[in-house]
Amino acid sequence: VELIDSHLSIRNPRVEQIQRKLNPYLSPKELLTSAKKEIDESQAHIKSQQKSSKVMVEELESLQDRVGLTEKKGKGVVITLADSSKEKPSIDSIIHAADLRDLVNILWGAGAQAISVNDERLTNTSSIDSIINTILVDNTKITNPFVVRVVGDQKNIQKAIDDADALSDIKKRIKGEGLVFNVEKSDVTINEYGASFSINFAKVK
């Protein structure tokens, strides 16, 4: 007479294979505990990778912002410089590249976050030069009047401009030659640097 065990069990070859791989002496309960540990460690590793990826993307986005590859909005000022309206212009009655460079250096020193001149975004490697009577910003021709937009602390910027030692030559020519120099506090939008290219990075949620 063959005895049949009343306790029926379902065998799963795959489970048994995993159990043998982990430890051939593990009980089902110990196997589950060990498997849970393996899963928890795997999940922690995945989360760590995701966190590292997110940090890296955030750093890249911050770099984009610092080098001017993203549009910048915020409180700031709009400065308008223009040649004198005198009928007979002289070397002192027109705006020169050096005037714009002096102004831009003052603005960076005042903590400006972003600057554009006639909608040309400046970076820390931008150049403002002149060829004869033509002013160039990074090889792009700009013409009078010159509108400088700045995102940054309005009080600091105004204080830097008003400093008695700052922009002394421009201030002298404003009084003596009639150069136009207006400063207005405003909400400012500055376009990204270079209209011909853009860089996009993947987003990690």
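**Exercise 1. Find the residues with the most contacts inside the largest nonpolar core, and the elements that build this core.**

Start with the core itself: the largest one holds 29 residues. A nonpolar core here is a set of buried Ala, Val, Leu, Ile, Met, Phe, Trp, Tyr and Cys residues joined through side-chain atoms within 4.5 Å, with buried meaning under 20% relative accessible area (1.4 Å probe, protein chains only). Inside it, Ile-79, Leu-81, Leu-100, Leu-107 and Val-148 have the most contacts.

Keep in mind that this is a predicted model, where local features need pLDDT of at least 70, side-chain atom pairs count only at pLDDT 80 or more, and totals for chains, interfaces and linings use all residues. Residues are numbered from 1 along each chain as its sequence is written, and side-chain values use heavy atoms, without hydrogens or water.

Next, the elements (DSSP runs numbered from the N terminus; helices are H or I with at least four residues, strands E with at least two). Those giving two or more residues include strand E1 (72-82), helix H3 (97-109) and strand E7 (146-151). H3 gives the most, 5 residues.

**Exercise 2. Work out the strand order of the open sheet and its edges.**

Five strands line up as E3-E2-E7-E1-E8, with antiparallel pairing; a pair needs at least two DSSP bridges. E3 (120-121) and E8 (180-190) each have a single partner strand, so one side of each lacks a neighbour in the sheet.

Note on methods
Buried < 20%, exposed > 50% of the residue type's maximum accessible area, 1.4 Å probe, protein only.
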